[in-house]
Structure formats: C-alpha cells, structure tokens
Amino acid sequence: MSTSSQPQFRYTQTPSKVLHLRNLPWECAEEELVELCKPFGKIVNTKCNVGANRNQAFVEFADLNQAISMVSYYASSSEPAQIRGKTVYIQYSNRHEIVNNKSPGDTPGNVLLVTIEGVEPNDVTIETIHLVFSAFGFVHKIATFEKAAGFQALIQFTDAETASSARNALDGRSIPRYLLPDHVTSCYLRISYSAHTDLNIKFQSHRSRDYTNPYLPVNPTAMEGLLQPVVGPDGKKQEPQSNVLRASIENMQYAVTVDVLHKVFSAFGTVQKIAIFEKNGGTQALIQYPDVTTAAVAKESLEGHCIYDGGYCKLHLSYSRHTDLNVKAYSDKSRDYTISDPSLLATQVPGLPAAPNAWQNPQGVPVHHGTDYSASAAIQGQPPAGQVPAWDPNFQARPTYGSVPGQTYQSLTAPTYVNAARPAGSSPLSQPGASSMPMQQQQQPPWANVRQGGAAVLGRPPYYSR
DNA sequence: AGCACA
C-alpha cells in the first residue's frame, strides 16, 4: 500500500529551516508562498522566481521545527501542497539560510532604470526612448544621464504593472536599428526597477522630459548645442563649467563629514547644498554654489589641496553636470542649506506648496543605486489615485509667453529661494562676498576658526597642503 | 520537478 520509495524522497536532505519549493506557477507571488507556508510557522525570508524557469522559490522559517512540520505534513498528506491548483514540491534546501540578493532593481515599481549599452548618449534621443517605451503605456517622465555604467534613463510609468510589462518585453533587447543612427549596429537595454516613484523633472530638455506638464519651462542651458565644452587658452577642451563641483577625496584617512566640507567650501561663497556618496570605491561629494563663478574660484583654489595636513583627504575637483542637487535637507550624507528650518519639512505635505521651496522634496532620495545624483530624479509624493501624477505646484509655470524661461521660473519661486532655484545659465545674482572674499579667504583660510565642527573631532584642524 | 548569484 504505502509507497515508500516515492521519487521525491530519493534526494532526502538533512533538515533545514530553509525549504526549496519547485513546480510553482508562473510568476508566483511571494504572498502566495507565504499563504501556503505560514500555517507551519513564522516566515522570516523568501526568495521567489528562482531557477531558469523562475518557478522555484525558497522559504525560510524562523525555526527548524517549523520547516520540519511543513515537510512532514505534506510527506504524509493525501492532499499535495498546491498553489493555484498546481502541485508544489517541497523539500529541505541544501542551504541553511536565504541570502537575499534581492537587489533594489528587482523590486517592482513604476519607474524603470534603463541602461542603454553600446551607444554614445547622442546616438539615442529622448524621443527614441519615448517612442520605444510608449508602446507599453503612457510615459509620464523621462530623465537621462551619463554614468560609469553607461547612458542611462529613468522612465516613469503610471504603475508598476505597466513598467513591468515594458521591462519584461525589452530587457536584454536592442532598440530597433531603424531608430538608431547608421553607425550604431545594436544597443542593448538593461532594465531594472528604480526606487523612485515620481521623477522630479525641472526642465524640458534634451535630457529630461515631463510629458504630464506642458508648461514646464525649457532649460536654456540644457538644450542641445548650448552645453558646449569650454575651450581653454591652450586650445584643449575643458569640461563645461557648472555651479556644482564634484570633489573626489583621495587618501581619506579621516572621515570627511558634511560639516567639514561645508566649512572648507564656504570660504569661497555660499554653499547651497552638499551631498556625499561612494563611487568606484572612493568617496565623492557634490558641492553646490549659487553660481558658476564662485564654483570656479573654489575649484581653482582647492584643486589638489588636502583637507588635513599630511596628504590626507586630498581634493580633486571637477565640474558636475548637475546644476541643482536633490538632496535630503539634513542627513549624515547631505545638507540643503537653502532650507532655513529643516524641521519645518517634517510637517510638509507632499504635493502641497507648504514650504517656499516645496520642490525640494524632503523625502527626496538622492542616491539611487548608490550613484544616482541625477538632478532630475527624486522621489516625490505619490500621485493621488486616479489623477495625473502631481507635478509640484510651485514648479508649474503658467504660460508666460515671451518671457525668459529661467526668469519665469524664478518669479514663480518664493523670492527668498531665488538663489536656490535659479537655473544655471541665468545671470548670477549678486552673492555677497562670493567673488571677492575667496581669494582673501584663501590666504587666511577658515581652519583657524574650525572648532568642534567636525575637524576638531579628529584632533587636527583642516589644513590644505599641496 | 531537483537549489538562488549579486
């Protein structure tokens, strides 16, 4: 009667609190797994869509006995374990814990992160990207940027389902050749999910679009052709200047905090925002000034200098492509000094113009996969259900035909934050001390004043040495 | 239907 040599017992494993489940239905959801397993104990971790057919999964119980009870139950049950009517085969995993490699990119969301491989950014226009992805649903916004990984785009759909259908159809595929310049033979799309839910597109430009907001001003500096490299006196091309500096910190023997950077870079003018992040195994920071001139002076003065004596924390400066950073107002890795009282932000309702610069999203997550400082991407409040995603009311320019976009934008922004909001390229507003002070400051730098601000914690004053 | 891969 009893069949003691069922095939599934041929590979009997030593018990583990991790169970291996197979023959799962297509795209079996974690919830379905949990439903099946939770009667036997507390599930502490899962890994779904495993295997070539993505029809296997792992479930980890809190306790070994819970896993044993589930395996024992179905070993003797006349009813097999089932999900959606499909028999699920359960056995002990040969590992004893789930190492969750669930990268953020595998967590579905309505925004896709697309890496376009094998092309120069100019080979694929934003119109092409829009065309390709519109096949799956309304594309709300696109932001493109260049990264070490290549040319990338964030593409915002209405919901995760639409985004997922686009990802499933296009991941690993090439953009059709007829949409590409002749010299490009193929360009493969690597698609993952972004953690963003609402991109903060500030301008319509060749690198970013907001298809939900026809009145969004066109960024004069971001338009094609205007971002020409500066040709230096030696005839060599220089990177385009920017009001935002990128600092790579070499030989970082001591912690470089936001406060330290603020102290150092404030010597040359008002520092508006700072963001620190890790890139390529090193520490980098973005420092935003109100204008290019101030940034240029700071760059020239600080390049190659060390924050601490002894060759520690040597600064290498370049111009960022960004002109306005999206950073958390106050965190250990970022600061927005244009926000007068960060505590106000806690009470700010997303989507409402509660604070003068509500466009500076308090919940903004500047770091995306560790490196995404795209000035045009940040999480905003979720759009109300059934509505077009809200763009920031402060940001919604009325049709002011004939005016300069940059100035239109300024006038719509609360006056106190004009500096913070001013797009690069418009004429620099007077910035007290910005142009004249730095040189003097360089002679008599601020370390004399540095106290407990961060450097003193380290027991040595900041010091710039060659 | 038979063990994950960043």
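Reader: Is Arg84 buried or exposed?

Author: This is a predicted model. Over 50% relative accessible area counts as exposed. Arg84 has 54%, so Arg84 is exposed. Arg84 sits in the loop between strand 4 (82-83) and strand 5 (86-87). Look at the backbone there too. Phi of Arg84 is near 50°, a positive value in a residue other than glycine.

Reader: Which element holds Cys313, and what is its phi near?

Author: Cys313 lies in strand 18 (residues 312-319). Phi of Cys313 is near 55°, again positive in a residue other than glycine. The surroundings are another matter. Cys313 has 0% relative accessibility and counts as buried.

Reader: How many disulfides are there?

Author: Check the distance between sulfur atoms. They must be within 2.5 Å. The count comes to zero disulfides. Take Cys306. Its closest cysteine sulfur is in Cys313, 7.9 Å away, which is too far for a bond. Cys306 is buried, at 1% relative accessibility. Cys187 is buried as well, with a relative accessible area of 0%.

Reader: Now a helix. Which residues of helix 3 are buried?

Author: Start with the general idea. An α-helix has 3.6 residues a turn, so residues three or four places apart point the same way. Now the case. Helix 3 covers residues 126-134. Its buried residues are Ile126, Thr128, Ile129, Val132 and Phe133. Seen down the axis of helix 3, these fall within an arc of 155°, so they line one face of the helix.

Reader: What covers the buried residues of helix 3?

Author: Several elements are in contact with them. Among the strands are strand 7 (111-116), strand 8 (139-147) and strand 9 (150-157). Strand 10 (189-193) and strand 11 (208-210) also take part. So does a helix, helix 4 (160-170).

Reader: How many salt bridges are there?

Author: Look for a side-chain nitrogen of Lys or Arg within 4 Å of a carboxyl oxygen of Asp or Glu. The count comes to eleven salt bridges. One of them joins Glu127 and Arg209, with the closest N and O atoms 3.0 Å apart. Glu127 lies in helix 3 and Arg209 in strand 11, so the pair ties together parts that are 82 residues apart in sequence.

Reader: Where is the salt bridge partner of Asp198?

Author: Asp198 meets the side chain of Lys141 in a salt bridge, at 2.7 Å from N to O. Asp198 is in the loop between strand 10 and strand 11, and Lys141 is in strand 8. The two are 57 residues apart, so count this as a link between distant parts of the chain. Asp198 is buried, and so is Lys141.

Reader: Which residue forms a salt bridge with Lys273?

Author: The partner is Asp324, and the closest N and O atoms are 2.7 Å apart. Lys273 lies in strand 15 (residues 273-279), while Asp324 lies in the loop between strand 18 and strand 19, so the pair ties together parts that are 51 residues apart in sequence. Lys273 is buried, with a relative accessible area of 0%. Asp324 is buried too, at 8%. Salt bridges can share partners. Here they join Lys202, Lys273 and Asp324 into one network.

Reader: Where is Tyr330?

Author: Tyr330 is in the loop between strand 18 and strand 19 (334-336). Tyr330 is exposed, with a relative accessible area of 58%. Compare sequence with space here. Tyr330 and Asp341 are eleven residues apart in sequence, and their C-alpha atoms are 9.8 Å apart.

Reader: Last, strands. Which strands does strand 1 pair with?

Author: Follow the bridges. Four bridges join strand 1 to strand 3 (residues 56-61), and these two run antiparallel. Four bridges also join strand 1 to strand 6 (residues 89-92), again antiparallel. His20 stands opposite Phe58 in strand 3. In strand 6, the bridge partner of His20 is Gln91.

Reader: How many residues of strand 1 are buried?

Author: Strand 1 (residues 18-22) is mostly covered, with four of its five residues buried.

How values were computed
Residues are numbered from 1 along each chain as its sequence is written. Chains are lettered from A and ligands numbered from 1 in the order in which they are written. This is a predicted model: local features need pLDDT of at least 70, side-chain atom pairs count only at pLDDT 80 or more; totals for chains, interfaces and linings use all residues. Side-chain values use heavy atoms; hydrogens and water are left out. Buried means under 20% relative accessible area, exposed over 50%, partly exposed in between (1.4 Å probe, protein chains only). The arc is that of the directions from the helix axis to the C-beta atoms. Contact means heavy atoms within 4.5 Å. Two strands pair if DSSP finds at least two bridges between them.
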